[in-house]
Amino acid sequence: MSHPQFLPAGDAAILLELHSLDAVLAVFQVASRTLPSGIIDLVPAARTLLVQFDPVAIEGAAVKVWLQHCLKNTEEAVRKHPATTFTDSTMSTPCIEIPVHYNGEDLDAVAETLHLGRNELIERHTGTDFVAAFAGFAPGFVYLAGGDPCFHGLRRRQSPRTRVPAGSVAAAGGFSAVYPSDSPGGWQLLGVTPLKMWDLDRQPPALVQPGCRVRFCALPATTRIISLPVDVTPAGTPGPARQKKTLPPEGSEQKRSIQILKPGLQTLFQDFGRPGKALLGVSVSGALDQASMMQANYLVGNPPETAVLENAGGGLEIVVHGRVVVAVTGAVAPVAVTRPSGMRAPAAAGHALVLDEGDTLKVGTVRAGVRCYLAVQGGLDVAKVLGSLSTDILAHIGPPMLRTGDLFYVNAASADPGHPLQSQALGGRSTLAPTHMPEPDDVVVLDIVLGPRLDWFRPDAGTLLQQQCWQVTPQSNRVGMRLSGAKPLLHQQVQELPSEGTVMGAIQVPASGQPVLFLADHPLTGGYPVIAVVHRRHHNLLGQIPVGAQVRFNAVSV
């Protein structure tokens with residue numbers, strides 16, 4: 001393990017950089033068997049191992065000491081069994097064939113770059129086996145190593161596409177891969193396959209797993225390719241709104257439910273997400289403003305991890321059946337409760353509200369911030385996906401976006417007796433002081449930890465990142481905020497960065513120099529250098545910064 005480097009990836013992750021993919025996978029195997037308490041996840045990649053940890057449970061210095069022990073143990077194992085590489089160990093594994101219609105948008109440009117004809121390019125891509133090295137980016141997205149050497153120097157696009165169709169076969173950075181779902185991406189598109197790479201009805205869900213061999217085969221040009229739908233919920237995860245129920249769940253009362261009258265621009269189920277599932281290619285996801293989620297649950301007496309409804313922009317309207325206790329927190333928006341008679345009842349955000357049969361609750365247009373959180377006492381009866389109710393819009397995992405007419409039964413409440421809920425009034429412990437939320441004209445200051453790839457940029461980039469304001473553009477969502485600045489952050493490294501793990505709050509900079517700030521549904525791995533990571537203390541704030549607002553970055557030490 002010659003000259004390993006320990007690079008900060010924010011205040012809750014360390015990026016261990018090694019010299020080869022084989023070295024990374026060897027250390028990963030040792031580390032996976034000796035995880036100390038406080039380690040959340042390990043993300044192996046082309047030359048790095050990302051270690052995410054909980055700073056409350058374990059200090060970064062202790063994580064580094066543990067990794068040094070892992071490196072020492074790996075070196076001893078290599079000395080005992082030299083000349084065995086990850087690629088060698090897969091030669092006896094079955095080979096998965098992936099049929100491809102080679103009609104990708106970048107096919108001719110790639111052929112020109114590699115000084116090949118179109119047919120020769122296809123022959124080279126289909127002529128050798130690939131090895132599935134590691135999962136990343138999204139569930140079912142596996143980095144395929146090997147293949148013809150001509151592809152090893154192929155670079156990513158200067159600026160990633162906002163949408164790459166599901167089934168796209170692509171190459172970049174020395175790897176090939178298949179996009180399992182519609183998502184942003186910066187790889188060069190060669191073609192499309194009709195195979196479904198990720199299916200929760202299949203065991204295991206991923207068609208290709210690390211350690212498999214893969215060979216692409218060309219389909220005739222006349223073959224009809226049926227594309228996967230854009231907004232697809234994976235098989236095995238029927239949306240809660242589309243589940244046909246004739247009886248309420250066990251433990252609930254007849255008619256005790258909520259129904260969506262208007263979902264607003266976007267309303268999703270969210271909780272704390274899915275930590276610890278990186279090997280499946282599954283990112284954490286979860287509520288963007290977890291503080292507001294926990295506050296809403298506190299108000300109604302739920303455990304803090306209970307799933308809530310995350311609404312972007314307001315416009316959410318529900319009607320209840322039976323007596324239901326709810327609370328709205330997060331972004332600043334008017335809240336109104338209307339009785340079946342048409343009379344208005346006292347209501348406001350930041351309070352526990354007791355609704356009776358036929359009452360409607362409406363969250364108006366957001367005035368500051370972006371996302372409101374609606375908690376229901378007892379939670380809603382919806383099936384979890386991979387242990388969570390979070391909806392990951394990049395990976396298409398979890399319940400689908402809510403629609404008009406969706407109906408959800410309420411679980412039997414188990415409220416904390418320390419939360420006195422008043423049926424007709426506001427006040428007491430059920431009241432929360434309002435929190436300042438940013439408005440579109442505000443400048444929001446965010447603390448950052450520089451690195452791990454500051455040295456990939458020109459010497460003035462760290463200063464420029466902090467000195468100028470960056471505007472949040474409309475091309476922003478739960479995956480990330482695209483930022484625009486007057487002066488771009490220019491790279492000084494000319495080589496391609498091998499794909500490596502990414503974290504919430506990472507500020508990734510493509511060749512265009514305009515940053516993308518990753519949010520909860522960010523890809524598990526990325527191929528553009530990360531200049532800095534937003535400190536955890538401001539992660540909740542990230543989900544409340546509206547389009548049009550400006551951000552300024554302030555570097556702090558770990």
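Student: Which strands does helix α1 lie across?

Tutor: In this predicted model, helix α1 (residues 21-32) lies across β2 (13-17), β3 and β4. Its direction runs at about 160 degrees to β3.

Student: And what does helix α2 touch?

Tutor: Helix α2 (residues 60-80) packs on the sheet and touches β1, β2, β3 and β4. It makes an angle of about 30 degrees with the direction of β2.

Student: What makes β1 and β3 edge strands?

Tutor: Start with the order, which is β1-β2-β4-β3, in an open sheet of four strands with antiparallel pairing. β1 (5-8) and β3 (39-44) each have a single partner strand, so one side of each has no neighbour in the sheet. On average, neighbouring strands here are turned by 20 degrees against each other, ignoring direction.

Student: How do you know that β3 and β4 pair?

Tutor: Pairing takes at least two bridges between the strands. Five bridges join β3 to β4 (residues 48-53), and the two run antiparallel. For one spot to look at, find Ile 39, which stands opposite Phe 53 in β4.

Student: Back to the helices. How do you describe the way α1 and α2 pack?

Tutor: For two packed helices you give the angle between their axes and the distance between the axes. For α1 and α2 the angle is about 115 degrees, and the axes are 9 Å apart. The crossing of α1 past α2 is right-handed.

Student: Which residues of α1 and α2 meet?

Tutor: From α1 it's Ala 26, Val 27, Val 30 and Ala 31, and they meet Trp 66, Cys 70, Leu 71, Asn 73 and Thr 74 of α2.

Student: How many residues in that contact are nonpolar, polar or charged?

Tutor: Seven are nonpolar, two are polar and none is charged.

Student: Now the aromatic rings. Why is the pair of Phe 134 and Tyr 143 called stacked?

Tutor: The whole structure has nine aromatic pairs. In the pair of Phe 134 and Tyr 143, the ring centres are 4.4 Å apart and the planes are at 20 degrees. A pair needs centres within 6.5 Å, and stacked needs planes under 30 degrees apart. Both values pass, so this pair is stacked.

Student: Why does Phe 134 count as buried?

Tutor: Buried means under 20% relative accessible area. Phe 134 has 2% relative accessibility, so it counts as buried. Tyr 143 is buried too, with a relative accessible area of 2%. Phe 134 and Tyr 143 also belong to one aromatic cluster with Phe 141, Phe 175, Tyr 179 and Trp 187.

Student: What makes β32 largely enclosed by the rest of the structure?

Tutor: Five of the five residues in strand β32 (residues 530-534) are buried, so the rest of the structure largely encloses this strand.

Student: How many bridges does β32 have with β25, and how many with β29?

Tutor: Strand β25 (residues 443-450) pairs with β32 over three bridges, in the antiparallel sense. There, Ile 448 has Val 534 as its bridge partner. Strand β29 (residues 506-508) is also joined to β32 by three bridges, again antiparallel. Ala 506 stands opposite Val 533 in β32.

Student: And how many helices and strands are there in the protein chain?

Tutor: Eight helices and 33 strands. Of its 558 residues, 55% are buried.

Technical notes: Residues numbered from 1 in each chain as written. Predicted model: local features only at pLDDT ≥ 70, side-chain atom pairs only at ≥ 80, totals over all residues. Heavy atoms only, no water. Axes fitted to C-alpha atoms, helices over the stretch in contact; angles between N-to-C directions. Contact = heavy atoms within 4.5 Å. Left-handed = near helix turned anticlockwise from the far one by under 90°. Nonpolar A, V, L, I, M, F, W, Y, C, P; charged D, E, K, R; others polar. Phe/Tyr/Trp six-rings, centres within 6.5 Å; stacked < 30°, edge-to-face > 60°. Buried < 20%, exposed > 50% of the residue type's maximum accessible area, 1.4 Å probe, protein only.
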